[in-house]
Amino acid sequence: MPRAARLTAQTVAVALVAGLLALLIWRVARDNNKGVSQALAAGSHPTAPNFDLPRLDASGRFDLASVRGKKPIVLDFWASWCQPCIHESKRLESARKRYGGRVMFVGVDTKDFSSDARSWQRQHGIKYPSVHDGSGTVLTEWGGLPIPKIFFIDRSGRVVGELEAEEDLPRYLRQIASS
Amino acid sequence: MRPIAVLFLAALLIVPVARASESHPTQAELEGGVMCPVCGTTLDQSDSPAAQQIKRVIARRIAAGDTKSEIENRLVAEYGDAILAAPRHEGFGLLAWWLPLGGIIAAAAIVAVGVWRWSHSREREPDATELDPALEHRLDEELARWD
């Protein structure tokens, strides 16, 4: 093999290995560090990442960008197989009756069967709209499992907090409703 | 001749089994080929609520007479391609099956070419280097002295 061709082949091989290594590092770093939950835990308040998902309880899609920055939002990640989600979604449904005019409530049914999820909503009387995130891609962007995961987004589109204790709900609701 | 006959008979046996698996899938084979979306294992290794939900759906679809492909398509439509434990033998999934095989064949070819070139370069090597005429003359003289 001529020297030039051998050098080219070696360069291509080294570039390929370096590329694969970079891809691996990027993937690991992305899995470990990204997510709204992790950002909140680190003390920052990121802009709510956008998503555009099919509606669970109606036809069409819901694009978060269409309401982000216009109205405060409560985002609830849930699934029909998730036992603690029942309690939290019922609390949110009660809160919706009180704050519904000022705050928008959106559910994200994740890693779930849409038919089971619709039955679950009917069974537990959950009326706020939900979207279907079957693959869990959006959930990963927001911090991943476990669920329920409930986030509060103020009128400017910033995520101000995540529900960690019972008393967080009224506190964050007051905060975003007055934002 | 005998190995070909054995392979032919094996193929005859395998084809009906594969067809039966497609039209009448079992719960166990589907649970072994479908991932639990929250635990990172196949369904047969998980007892999480999410896995139980999918197991129930699979059981319902088998009872309804769905084929293996129909059940897998339904799961992929709900959860995306990652719900299958192995990529499908179609479209982009084919890359996952054929790329490693292609890599192995390419590596074997590179090694074979390298070995062939190495062995031929050794064959071409001269047995002895030609001597300088002056040195050869001197060597002849030296040898003549000893005769």
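## A buried isoleucine and the sheet around it

With 24 C-beta neighbours inside 10 Å, A:Ile176 counts as buried (20 or more other C-beta atoms within 10 Å of its own; 12 or fewer means exposed, and anything in between partly exposed, with C-beta atoms placed from the backbone). This is a predicted model, in which local features need pLDDT of at least 70 and side-chain atom pairs count only at pLDDT 80 or more, while totals for chains, interfaces and linings use all residues. Residues are numbered from 1 along each chain as its sequence is written, with chains lettered from A and ligands numbered from 1 in the order in which they are written.

A:Ile176 belongs to helix α6 (residues 168-177) of chain A; helices (H or I, at least four residues) and strands (E, at least two) are DSSP runs, numbered from the N terminus. Apart from neighbours within four places in sequence, A:Ile176 is in contact with A:Pro72, A:Val103, A:Phe152, A:Ile153, A:Asp154 and A:Val160, where contact means that C-beta atoms, placed from the backbone, lie within 7 Å.

Now to the sheet. In chain A, five strands form an open sheet in the order β5-β4-β3-β6-β7, with mixed pairing. Its edge strands are β5 and β7 (159-162) of chain A, each pairing on one side only. On average, neighbouring strands are turned by 20° against each other, direction ignored. Two strands pair if DSSP finds at least two bridges between them, and the table sets out three of these pairs.

| Strand pair | Bridges | Direction |
|---|---|---|
| β3(A) (residues 73-78) and β4(A) | six | parallel |
| β4(A) and β5(A) (residues 130-133) | four | parallel |
| β3(A) and β6(A) (residues 149-153) | five | antiparallel |

Individual partners can be picked out too: A:Ile73 bridges to A:Met104 in β4(A), A:Thr110 to A:Asp133 in β5(A), and A:Leu75 to A:Phe151 in β6(A).

How many of the seven residues of strand β4(A) are buried? Seven of the seven residues of β4(A) (residues 104-110) are, so this strand is largely enclosed by the rest of the structure. Both of its faces are covered, with A:Met104, A:Val106, A:Val108 and A:Thr110 buried on one side and A:Phe105, A:Gly107 and A:Asp109 buried on the other.

Right-handed here means that, with the strands pointing away from the viewer, the path from the first strand over the helix to the second runs clockwise. The crossover from β4(A) through helix α4 (residues 114-124) of chain A to β5(A) is also a right-handed β-α-β one.

Finally, back to the helix that holds A:Ile176. The axes of α3(A) and α6(A) come within 12 Å and cross at roughly 35° (axes are lines fitted to C-alpha atoms, for helices over the stretch in contact, and angles run from 0 to 180 degrees between N-to-C directions). A:Arg91, A:Ala95 and A:Tyr99 of α3(A) and A:Leu169, A:Leu173 and A:Ala177 of α6(A) make the contact. By class, this contact has five nonpolar, no polar and one charged residues; Ala, Val, Leu, Ile, Met, Phe, Trp, Tyr, Cys and Pro count as nonpolar, Asp, Glu, Lys and Arg as charged, and the others, Gly among them, as polar.

Technical notes:
Contact = placed C-beta atoms within 7 Å.
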